[in-house]
Amino acid sequence: MDAVRDTASLRAAAITVDAGAVSAASEQLHRTAPSRSAKRVLLWTQALVLTACLWGLWLAVRQDPALAWRLALVFAYALFLVATCWRLIAAASLRPLLSRLAEPEHDWPIYTLLCPVYREADVVFDLVVAIDRLDYPKEALDVKILVEGDDLDTLSAALAATGASHIEIIIIPAAAAPRTKPKALNVGLARARGAFLAVYDAEDRPHPLQLRAALAAFEDGGAKLACVQAPLVVDNAGASWISQQFAAEYAIQFRETLPTLARLGLPLPLGGSSNHFRTEALRAAGGWDPYNVTEDIDLAYRLARDGWRSNVIAPPTWEEAPITFEAWRAQRTRWIKGHIHTWLVLMRDPFRSAREMGAPAFWSMQLVLGGGIAASFLHGPLAILVALALLSPGNTLGVPGFALALGGYCVGVFATLTASALSGDLSHLRAAPTMPFYWALSTIAALAAVFDLLLRPHHWAKTTHGVSPRSRFRFAQPIPRAPAITAPIAKSA
């Protein structure tokens, strides 16, 4: 009886969303734009094309295995060469990120923060503390902590950690499918009051100046700037070899790849958190797709199809990386599965996608998204071929192929070194020599992603946080607080 009473009191202290509102948030995109929704894995036309390609490949191997092998190597070499050149360009383009801040006397707009948490009782208090340290007037913040209805431990921890009027705890019925982060985000979006909106995960520790930098970027970027991405930085890199490699990978992604894409005016493959949106643009695009397990990547290209732009800012968010192979594999399997699903959605009508986002953005998507998917499958076999070539130089890969593979690995190491210089974190240097072994592991996750996509396409593999020591806050000196509001708060549209 006491347990029932405690559960009832917990729910009474938060806002419970009714099932109808959750269903509307889950099905809005599929209902209004089914061709852009990942609810269906494959259209029959895509299944037909895929079957024809596999049939043709089997016939080619059966007819002339040697020729088929040579053609496969040529394709792999070409892809590897393009990817290597792109990585070299990004690594050599060293420029500072946007760092202008909104002035203290600013007419502060309401800023919504959506924080989806699930099985995060151990870290939700730190999230609330990190939000409290944001240098933004509390009266202009609209914070929504989104909790699943059956996660009473996290709900209890969130209620214990909060109490401020600008923070709402919203309970999402556990029975509402699919059980994914983007579904929770859509529920929060429906209740968002802010003209601008940011997403933070439970393990995130955003820099206190991040909202002010994002606001300044929106002011400078024009009306068509829909999103700015803050760099994600791993602060538990020393916990294991996996977390060390993960940290270096993030440094390359957020310090080199995304800034280069932004400077070229190309779509950004957004990170899963610390992305800041114009709320009107987010709603116009249909919000997040609850059936896509990499909702960030999907939304990035959907915004590009609607003519919106994205950019990057300097103040980072510190995150926690997986420290074991199994945790990393489960997370990477989900990522690759979502990337495949996103690519399939974009390729349902490739001519329309190219027309909507423009040819440069479309081919950039093929390189960044499609090439990344292909690379995840090829890194493992390529590593084996390189190992065999080391034992027997000139055979297997041939001299050109071996030189290309070696050059690609050297560029990867160079990218790690330059990312280390950009971020000021010399710990990435320790990851550089063994990074090729880390890349090879992606093939294991890619193969698992294929089975996952076929058997449980919308399953969300949850990453557990709070499992390793990390720097809770990493600021060298006290951060100045925003002054009390003297100008009126700008109301959201």
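How many bridges join β6 to strand β11, and in which sense do the two run? Select β6 and β11 (residues 317-319) to see: 2 bridges join them, and they run antiparallel. Before going further, a word on the model: it is predicted, so local features are given where pLDDT is at least 70, side-chain atom pairs count only at pLDDT 80 or more, and totals for chains, interfaces and linings use all residues. Residues are numbered from 1 along each chain as its sequence is written, and side-chain values use heavy atoms, leaving out hydrogens and water.

**The whole chain**

Zoom out for a moment. The chain holds 17 helices and 11 strands; these are DSSP runs numbered from the N terminus, helices being H or I of at least four residues and strands E of at least two. Of its 493 residues, 53% count as buried, where buried means under 20% relative accessible area, exposed over 50%, and partly exposed in between, with a 1.4 Å probe and protein chains only. Contact here means heavy atoms within 4.5 Å. Among the contacts with a separation of 6 or more, 84% are between residues 24 or more positions apart.

Click P206: its bridge partner in β11 is T317.

**The eight-stranded sheet**

Next, select the other open sheet, whose 8 strands follow the order β1-β4-β3-β2-β5-β9-β7-β10 with mixed pairing. Its edge strands are β1 (15-16) and β10 (309-312). Look at β1 beside β4 (residues 167-172): they pair in the parallel sense over 2 bridges, and I15 has I170 as its bridge partner in β4.

Colour α7 by accessibility: 9 of its 11 residues are buried, including K181, K183 and N186.

**The cores**

Show side chains for L197, F246, F277, W288 and L303. These have the most contacts inside the largest nonpolar core, which has 62 residues; such a core is a set of buried Ala, Val, Leu, Ile, Met, Phe, Trp, Tyr and Cys residues joined through side-chain atoms within 4.5 Å. Helix α9 gives the largest share, 11 residues. Apart from this core lies another of 41 residues, among them V124, A202, L211 and A214.

Centre on F277 next. Not counting residues up to four places away in sequence, F277 touches A195, F196, L197, V199, F218, A226, C227, L270, L282, W288, L299 and L303.

**A helix crossing**

Select α4 (residues 65-92) with α9 (residues 241-263). Their axes are 8 Å apart and they pack at about 90°, so α4 is roughly perpendicular to α9, a label for angles of 65 to 115 degrees. W86, A90 and A91 of α4 meet E256, T257, T260 and L261 of α9.

S274 sits in the loop between α9 and β9 (275-278) and counts as buried because its relative accessibility is 0%. R119 also has a positive phi, about 55°; this residue lies in the loop between β2 and α5 (124-132) and is partly exposed at 48% relative accessibility. Most residues other than glycine have a negative phi.

Move to S353 in helix α13 (residues 350-357). S353 is buried at 1% relative accessibility, and beyond its neighbours within four places in sequence it contacts R305, L346, G358 and F362.

Finish at V413 in helix α15 (residues 398-423), partly exposed at 26% relative accessibility. Its C-alpha atom is separated by 7.4 Å from that of M435, 22 residues apart along the chain.

Methods:
Axes fitted to C-alpha atoms, helices over the stretch in contact; angles between N-to-C directions. Parallel < 35°, antiparallel > 145°, perpendicular 65-115°, else oblique. Pairing = 2+ DSSP bridges.
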